[in-house]
Amino acid sequence: MLSRLLHVRHHTAKQAVITAIDLLGQAVSNAAESGVSFPLKRRDQLLDYVLTLMGRDDDDDDGDGYANSNFEFLRTQSFALSACTTLVSVEPKLTIETRNHVMKATLGFFGLPNNPSDIIDPLINNLITLLCAILLTSGEDGRSRAEQLLHILRQIDQYISSSVEHQRRRACIAVYEMLLKFRILCSSGYSGLGSHGSSIHNKQIDRVLHGNFSNLPSAFVLPSRDSLCLGERVMVYLPRCADFNSEVRKVSAQILDLFFSISLSLPRPAGSAISMDIEILYSALSSLEDVIAILKSDASIDQSEVFNRVVSSVCTLLMKDELVATLHGCATAICDKTKQSAEGAIQAVIEFVTKRGNELNETDVSRTTQSLLSATVLVPDKHLRQEILGAISCLAENTNSKVVFNELLDAAGRDIVTKDISRLRGGWPIQDVFYAFSQHTVLSVLFLDHLVSVLNQTLIVKGDSERRDNLSHSVESHIEDEILQAAVLALTAMFRGGGKIGKKAVEQSYAAVLSALTLHLGSCHGLAASGQQEPLRSLLTAFQAFCECVGDLEMGKILIRDGDQRENERWINLIGDLAACISIKRPKEVPTICMILTGALTQHQKLQREAAAAALSEFVRFGDGVGSLLEQIVEAMCRHVSDESPTVRRLCLRGLVQIPPIHILQYATQVLGVIVALLEDPVESVQLTAVLCLLTFFESSPKDAVDPILLNLTVRLRNLQISMNGKMRANAFAAFGALCNYGVGAQRESFIEQVHAALPRLILHVHDDDFSVQQACRYTLRQMVPLMEVESLSSLFSTHYFNSDHRSDYEDFVRDISRQLCQNFPSRTDAYMTSLVQANAIYFSCSMLSLSDDERILAPFCTQVFGILVGKLSRSPDAVVRATCSSALGMLLKCANLVSWRASQVDRVESVRRASQVSEKAIVQE
C-alpha cells in the first residue's frame, strides 16, 4: 500500500506518508515493549521509501541544491530524519549497505544554510539523533561498535574541516554527541540517546541495547584503545581547537577530552604496556578538563595560551604508536582551509616533536618527514610554508637528522625526474627546505656534512666497468643519479641562500666541500662523455656558487674559462689549475684537502680516482711546508702508480717529479724506481709520461740515484726510440742525451758501449720526418761527443749541413760521419753495419761500406746491402727512395775497396743472364 504513495508530490502528502511509516515503526517498538517482540522484516524497504520521499523532485530542483530549499521541503526532510531514526532503532540490525545508503542520503544536511533557524536547527538535531541511533544500534561487540564510530566520524570529517563556519560547528557538535553516547556505552554497556533524542527513541534504543549486551561479559562488549585510532582522530580535531569560532574551539576540546577519557577506561591489547605512569596521564587529562572549564566560563581569555595547554595535554596523553599516527596524518591538518587552524596544526607538530621526538624510530621520522614535505607542496600560502619549514627543521633537530635529509633528497630526486622544477609556479617548495636548513644554526653544518657524504658515495658511471665485476658492495650502496643531482642542487641552494650562517658552515667545512666537488667533477665529466650533459652543468653551477660563497673569485674565473671542457686532458688540467689556485689562496686548507684526496685514490670509480690524482699531482708542489703531508702524498702516489687507470698512473708519476727541490733528494731513489717501471707500461701514453718525467727528474736528481740503474735506463730508452709516435721518439732520444751526463762514473765503459750501440739510430733519425725528433737527435749527438773523445766529431756537429733539413745536406753529413766512424772506430764498424742493415738504412750503409777497408765485413754486408738496393729499386713506389738507392748503388760501384766484390757480382749477374738466354732459346725451339 505504501509503495503506491511514493509518487505523491505535495509536501503535506509526503509528510503524511512519512509519518505513517514512522508510526508503523513505533508500533513495532511498542509491541516489543509490551512483550511481543518481532523484527520488522521490511524495515530496509521502508527506509528506502522514506529516503525517496525525502528527496527533491526534479520539478522542484532549481539547480542550487540545499541553498534554496523551501520551508515545507525542509520540514519534510526533518520528518524523514525522525522516521529514519525510528526505523534504525528496531530489529533487525542495519546491514552495512543500508547504513551507507542512509548516511549518503542524510549527511549532506550538514551543509544546509543557517536560515531559517527555526526549521534548520531541529533538522540538524534530528540528523545528529539519527547518527547516534545508527551508532548505538549497530555492531555486535565493542570492536564492531568502535568501527561503526570511526566510519561515521570519517564521513563527517569533510565538514569538520570545512571552510564554512557553521558546517564546522554542526559537525563538531555531532561528533561530541556521538562520543557522549559511546562513552556511556563503554561505561555501562548501553545508553539512551541523550539530549538530542526524543523519549520514544530513548526507550526504543534502551530496549535494543539491553537485549543485545546485558548478557555479555564486559571484555566482549568493550572495544580496545587501539580500535579508536586516537592518533588519526587527534589530528582531525586538534586544529579546530585553534578555530576562530569560540564554540568550535570549546566543542573540539571537549571531543579530545572525551576521546582520552574513553581511552583510559578501555583495556589495552594483550602484551602491550602503557609507556607512562597512569597518574601522569590522568593529570594531563585533568589539565585538559581545566582548559575546557575556562573555555566555558570566559571567552575573552588568550586563545594562544589555551591552545598551548590543549596541545601540551594531548602530547602527554598520546601513547607512542598514537603519537606516530598523529604525526603521519599531519599533512591534512596542516592543509586546513582555515589558516588559523593550519597554524595550530603546525604548532602542535612542533610541540610533539620537541617533547617526544626521541621516541621516534627511523621509520617514524621518515614517514613524518614525508607528510611535512607533502604539506609544503600543497600549501600555497608563503607564511604557512615558512611555518612548515620550521616544523621540518624542528624534526631534523630533535630526531634523526640523517633520515630527514635522506627523505628530503629522495623527494627532490623524484621532482627532478617528474617535473620541470625551474618553471613551477610559486617556486620549488623543496628548495625552500634547502634554504631553511642552510640558514639554521645547527642544521646548516649537519646538512652540509650530509650532502658531502652523499657526493662522496660510490656512483657507477656508464662505461666505467673496470672494477664493476670485482665490487662486493650491494646494489643499495650505489646512489641513484637523481639523488646525486638533488644533492648538487641542495649544495647550490646552501651556497647561495645560506646567508651568514650558511657561509660560516661552508667555511668550517671548506676542505671537505671542495674535495667532494672536485671528485664529483670527475664523475660528471664521465657522464658528459656518455651524453649526459645536465649533471656537469649542475655541478659547475654549484662549484661557481661555492666560489662566490667563500670569496674565491680567481677559482671562479678558472671554472668559467675551462669548466665545460669535455676533453679528458682539459678537465684534468682544470683540476690542476684549481689546486694551484687553492694552494696560493688558502695554503692552510691544503693539508686537509690532501688527506681527503689521498683516501679518494682508493675509490672504486675510475674518474674520481683520476680527479684525486690530478689535484694531488699539483698539491705536491706546495707540500714543502708540512713534511708529514708530503710523505703521505708521495707514499700514496707511489702506491697507485699501478692503478688500473692509465690516467691515474700518469698523474701520480707526474706528481712525483714535482716534489719541491729541497725534498727531491729524500725521495730520488723511490721516484726513479717508479719511472723505470713505467717506461715499460703497456699503455703508450703512460710510457711517454714516464719519459717526460725522467727528463724533468734529470734536472735536479743526484748522480748517486742514477748510477745503479744507468744501464737499465739506457736499454729501456733505446727500446722507446723505435716507437711510431714522434713525440715518444723525440723525448726518448732527448732523455738518452740527458743520461750522457751521468755516464762518467764506475759504469763509464759499459755506458759507452750503449752509446755506440745507439749511435747509428741517432744518425739515421737526424733526418726523421718529425722535426722534434731531428732536434732531439742533434742534441743527443752533441751530448755524446765528450764520451766518445773524438774532437773532430765536435766540429762536425757544428757544421751547417748537420743542422740543415735538406736531403742533400743530410747525405753530405752521413758521408762525413761515416768517414769519422770508420777512421776512429774501425773495430766497431761491424756493429754499426749490423744495426744499419737491420734498420734498412741503405744510404748510410753504403757510405760505411764505401769508406771501410775491412775485408771481413765487405763481402757479407755488401751482398746484403746490394740485394736490398736492387729490391727497393725495383719495388719501391717512392721516387725519393729510388733516387737514394740509385745514388747509393753508384757509390758502391765507384768504390775502390769493392773491386773484387764488384767483379764477383758482375760475373754472377753475367752467369745469371746467360742461363736466362739459354732457357729462352730452348723454349723457342720447343
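1. Of the chain's 926 residues, 53% count as buried (under 20% relative accessible area; exposed is over 50% and partly exposed in between, with a 1.4 Å probe and protein chains only). The model is a predicted one, in which local features need pLDDT of at least 70, side-chain atom pairs count only at pLDDT 80 or more, and totals for chains, interfaces and linings use all residues. Residues are numbered from 1 along each chain as its sequence is written, and side-chain values use heavy atoms, with hydrogens and water left out.

2. The chain has 45 helices and zero strands (DSSP runs numbered from the N terminus: H or I of at least four residues for helices, E of at least two for strands). Among contacts (heavy atoms within 4.5 Å) with a separation of 6 or more, 74% are between residues 24 or more positions apart.

3. The largest nonpolar core holds 294 residues, and Ile156, Leu238, Phe546 and Phe813 have the most contacts inside it. Such a core is a set of buried Ala, Val, Leu, Ile, Met, Phe, Trp, Tyr and Cys residues joined through side-chain atoms within 4.5 Å. Helix α5 (residues 117-136) supplies the largest share of this core, 13 residues. Leaving aside residues up to four places away in sequence, Ile156 touches Leu107, Phe110, Leu131, Ala171, Ala174, Val175 and Met178.

4. Tyr176 belongs to helix α7 (residues 165-188). Its contacts, not counting residues up to four places away in sequence, are Val251, Gln254, Ile255 and Leu258. From Tyr176 to Ile128 the C-alpha to C-alpha distance is 9.9 Å, and the two are 48 residues apart in sequence.

5. Helices α20 (residues 429-438) and α21 (residues 443-456) have axes that come within 7 Å and cross at roughly 120°. Axes here are lines fitted to C-alpha atoms, for helices over the stretch in contact, and angles run from 0 to 180 degrees between N-to-C directions. The two helices, α20 and α21, are therefore oblique to each other (under 35 degrees is roughly parallel, over 145 roughly antiparallel, 65 to 115 roughly perpendicular, and the rest oblique). Phe434, Phe437 and Ser438 of α20 meet Leu443, Ser444 and Phe447 of α21.

6. There are 16 aromatic pairs in the structure. Rings of Phe, Tyr and Trp (its six-membered ring) pair if their centres lie within 6.5 Å; planes under 30 degrees apart count as stacked, over 60 as edge-to-face and the rest as tilted. The ring centres of Phe437 and Phe447 are 5.2 Å apart and the planes stand at 70°, so this pair is edge-to-face. Both residues, Phe437 and Phe447, are buried. One aromatic cluster is formed by Phe405, Trp428, Phe434, Phe437 and Phe447.

7. What is the relative accessible area of Phe797? The value is 3%, so Phe797 is buried. Phe813 is also buried, at 1% relative accessibility.

8. Two peptide bonds deserve a check. The bond joining Glu91 and Pro92 is cis, with omega about 0°, and Pro92 sits in the loop between α3 (71-88) and α4 (96-106). The bond from Asn115 to Pro116 is cis too, with omega near 0°; Pro116 lies in the loop between α4 and α5.

9. Cys229, not a glycine, has a phi of about 50°; at 26% relative accessibility it counts as partly exposed. Glu789, not a glycine either, has a positive phi of about 60° and is exposed at 62% relative accessibility.
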